[in-house]
Every structure is written in structure tokens, then in C-alpha cells.
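The sequence and the model are shown first, and the text then goes through selected features.

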Amino acid sequence: MEKIKILWVDDEIDLLKPHIIFLEQKDYHVTTCNNGDEALDLVRNNIFDIVFLDENMPGISGLEALEVIKSLYPGLPVVMITKSEEESIMEEAIGSNIADYLIKPVNPNQILLCLKKNLDNKELVNQKTTMSYQQEFRNIGMELNNRLDYKEWVNVYKKLINWELRLEKSSDENMQDILKMQKEEANQQFCKYYESNYKDWLNQESEETPIQSHTLLKNRLLPKLRESNKPIFFLLIDNLRFDQWKILQPMIEEYFRVQDEEIYYSILPTVTQYARNCLFSGLMPLGIKRKYPQYWRDEDAEGSKNQFESELLGEFLKRFGMNTRYSYHKILSLSAGKRLVDSLPDLFDNDLNVIVYNFVDMLSHARTEMEVIRELADDEPAYRSLTLSWFEHSPLFEIIKYLATRDVDVIITTDHGSVKVDNALKVIGDRATTSNLRYKIGKSLNYNKKEVFAITRPEDFQLPKTNVTSSYIFARKNDFLAYPNNYNYYVKYYRDTFQHGGISMEEVLIPYIYLKAR
């Protein structure tokens, strides 16, 4: 292995000979010089892994040399070493993107720790992460063999996402593959659990029943509205998975403190027209159709199926005796987002402001349909990275930053998640059968009963029928439903795309975050 190359620049370099001998005994290669001019020549003509730079030297000062080095090689770590503890010098050095800041006199162990932190850090973190997951792998496996309740399933999912995010930074592909297999096993067990309990959950509310789409506002938002004396902004980001929330969290935490982080359970089908309508109405789909037929659109109806969310929210608030001043905004484009940013000052007289932001859902659809997006979001880490990049430059982030300057509470949530599919299942249906890849509704569906979760009596699951003999089927895990016609073409087209509507941890277990301004 090639030695790490250090450039040490100090006008009293001879006094540092013991330190240099110490580093060379640790197998580092150290080049020295005693002035800024020579240092810049050495940097221009040699390759170094890190530079130790004295701040106070005759001629070109350390700060001046630092500025030139960073202009030549922005990624080269530079450690500033100084006798001065003046705050202004520290601030200038830190503002110039130094790797570290040491005060003289330095001892050899300080220097060694600095090198470990800046050069060996990634490898040390990789090793520690791999070892930690190896230990946790067995614990998670034992948990999956137990009869988990809905809270324990949430904890297992959080653990898996935590390891997924940590291991994706690692170069250990074997560990990543092992985690992928464990996640697939967990998804298989979760589907069985969800299917076994889902019907009972819909017919009771108790400690044994998770918060679901249609009970979320009643159990979480209403108590906040009743106790809060400040405006609440309810931000629903369509199709936001828990792992996507976790990569957005550090940016948001610069402005807000996470007061509560929960995961709730989406209803079936895990798609906008069902889950989001249920969320805002506080009713299951069949309940909406019966109580507010003017606001429900069946699958075979023309046009948007979720165009009455604001009205359903108003009816929900009335049913619970809430005289709430509220606004509702649905953002489907960049220009609409910018207009909302401009109009934010007008919203603070309301008790509740609901903002539905549709980018993540559009991203998952665009990834299916546009080759360039597919290439940019080739896998799960890239998909998360694209979400982060969008958010950083989005009007939604501008909204969050502006809200942080006002005395408000903020809720971030979603209506469902999505899962990357790669296994096709054959389904036969008539022309009226729905086209979604993760669920189908039809009157004459032909399928393998072992491969899907079938609901032949929709009313038992509080789902509406499009005709007397309608039934629903749902794909599990990473499966998707394809017709025999042009089967190979459609399987190739949709494999490795992000879809929703069925049963998986990624679609069902979704975030509900309560934020308070810092």
C-alpha cells in the first residue's frame, strides 16, 4: 500500500523534527518546507494527501497560502496550525474550508488523531459499520422469528432503514447484499402480518390498532389544533418514503427541531386516490362514497380521482366540531410552488394551512417513463440522492426556511410510499380492469391465489365496488402485475421501477413528523 504523503509547512520546521520522525515511524511520508512560496511550488508539482500549514510565517502568510492551495485543489485537506487563539483568525481559516485547526504547541498524538480523522476516517467508519451490522444482523433475524406487533414492526423497519443508509456509504458490497436479503425476508414476513390483521384493524380502534390513513388526523392533528395557539402548517409530500425523510432531515433540522417522529400505516390500496382521500376525510373509501358521494370518484370515472381533498378536509373538521380557519394548496409545478412562497405572509391568520406537494410522486413516475431520470436514479441510493437534490433547490425548502422565521408549528407527512419492483406476476382481466401495477380491480380477474393478496368481498374491507362482482388483488413485496399480452416487453419496461398500490414496508410504513422552530 502506498504511503500517505504529508506536506508540513512551518517557519520553525527544524523544531518539529521529533514529530516528523514519529510520523515516519508510523509509515507516513513527510515533506517539509519553511515558507509559503516553497509550499505553493511543492503543491503545484507534487501530489499530497494532506497539508499541515503554519498560520504565522514571514512572506506569504498561512492564510494567503491556504487561499491559493484551495483555488488549485479544493479537495486537498489543509490543517491550519497556529500559536494564536484570536477568534477572527479561526473564523477566517474555518471560512476558507480547512480540514482542521490546531493550536501550538501540538503533540504527536494530536497530529496522529488529526490524520486518522481526515484521511482514515472513511475506512474506519466502514469497518465499524460493517462490524456493527454483523452483530445487529442476528438480532434483527431473531426479531423476525417472533410474533411482532405493529409497534415492533415499525422498530424493525426503522432499524433496516438506518443500516441501509449507513451501509450505502460503505464499500463493503457483501454487507449491502446481506442487508438486501434481510430486508426482503422482513418484507415477506411483514406482508403476512399486514394481511392477517388488516381487516380487524379497520373494524376496531384500540391499543392493538395502529394509526392508519383514515385515523391519522383525528388522533394526531386534531389534538394539536385544540391545544395550539399558533398556526399549524401541514405539509404533505406525496409518495415520501421513510428513508427519503431521513435524508431530508439534516437539512430541515438546521431550521426546525424534530419534536416527534412517528410512522403510521397506510390503508389499501396505497395510492393517492384512496389513501389521501381517506387521510383528509377521516373515512375509509366506502365511507366517503356513502357519506359524500359528490366527492368520490370510482376507478372507471373520468378525470382526477382526488380533486375534492379540500372539501373532504372541511367536512372532517365540521364533523368534529372544529371551527377552524384553514387553507388548502396543492402544488403540482415549479411555478405554483414559487407563487405559494410569495403568498405565505397572507396565511398566518389561519389556524391550519395544508400544503400538498407532489414532486416525489412525479419523480417516481418520471423515473419509469423518462430514460434520463431512470439513469440518474438507477438504484435506491441514487433515487434518494435525486430526492435530496430536488428538495435543496425547491420552493418547498424555501417555504420551510420561511416558516422557521415565524412562530408556527409544522407537520410533515405523506399518504403512501413506493417500492422498487423487479418480479412480474401474470394476471388476466377484461378491458375494465384497472391498469395499476401493484393492485387490480376487476370483475373477472384470473391470477395465482398464492401470489397475491385477494379481497373478494370489498365491503368487508370498506372498499367500494365498481360493479356487483368486483374484487381487488394486491401485489406483495417487490412484485408487479402484468398482462400476458406483450408480456416480455412490459416486464422489461417496468422492472426496476418504483411503484405503489400494494403491500410492502416501503409503501405502508410512512412518516409523520412534528416540527418546532429552533
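## Aromatic pairs

Phe 461 is buried, with a relative accessible area of 11%. The model is a predicted one, and the values here are computed from it. Phe 453 is buried too, at 9% relative accessible area.

The structure holds 36 aromatic pairs. One of them joins Tyr 274 and Trp 296, whose rings lie 5.7 Å apart centre to centre with 65° between the planes, an edge-to-face arrangement. Tyr 274 belongs to helix 10 (residues 272-281), whereas Trp 296 is in the loop between helix 11 (285-291) and helix 12 (309-319), so the pair ties together parts that are 22 residues apart in sequence. Tyr 274 is buried, with a relative accessible area of 2%, and Trp 296 is buried at 7%. The rings of Phe 453 and Phe 461 are also edge-to-face, because their planes stand at 80°, with the ring centres 6.1 Å apart.

## Charges over rings

Two charged residues are placed over aromatic rings. The charged end of Arg 406 sits over the ring of Phe 348, at 3.9 Å from the ring centre. Lys 426 lies over the face of Tyr 487, 4.7 Å from the centre of that ring.

## Nonpolar cores

The largest nonpolar core has 87 residues. Within this core, Trp 153, Phe 233, Tyr 265 and Ile 412 touch the most other members. Leaving aside residues up to four places away in sequence, the contacts of Ile 412 include Leu 235, Ile 237, Leu 240, Trp 245 and Ile 252. Among its other contacts are Ile 400, Pro 511, Tyr 512, Ile 513 and Leu 515.

## Tyr 157

Tyr 157 is located in helix 6 (residues 150-167). Its relative accessible area is 0%, so Tyr 157 counts as buried. Not counting residues up to four places away in sequence, Tyr 157 touches Phe 242, Ile 263, Met 505, Glu 506 and Leu 509. The C-alpha atom of Tyr 157 is separated by 34 Å from that of Gly 314, which is 157 residues away along the chain.

## Cysteines

How many disulfides are there? The count comes to zero. For Cys 114, the closest cysteine sulfur is in Cys 33, 17 Å away, which is too far for a bond. Cys 278 is in no disulfide either, as the nearest cysteine sulfur, in Cys 191, is 20 Å away. Cys 114 is buried at 3% relative accessible area, and Cys 278 is buried at 0%.

Definitions and conventions. Residues are numbered from 1 along each chain as its sequence is written. This is a predicted model: local features need pLDDT of at least 70, side-chain atom pairs count only at pLDDT 80 or more; totals for chains, interfaces and linings use all residues. Side-chain values use heavy atoms; hydrogens and water are left out. A nonpolar core is a set of buried Ala, Val, Leu, Ile, Met, Phe, Trp, Tyr and Cys residues joined through side-chain atoms within 4.5 Å. Buried means under 20% relative accessible area, exposed over 50%, partly exposed in between (1.4 Å probe, protein chains only). Contact means heavy atoms within 4.5 Å. Helices (H or I, at least four residues) and strands (E, at least two) are DSSP runs, numbered from the N terminus. A disulfide is a pair of cysteine sulfur atoms within 2.5 Å. Rings of Phe, Tyr and Trp (its six-membered ring) pair if their centres lie within 6.5 Å; planes under 30 degrees apart count as stacked, over 60 as edge-to-face and the rest as tilted. A charge sits over a ring if NZ of Lys or CZ of Arg is within 6 Å of the ring centre and within 35 degrees of the ring normal.
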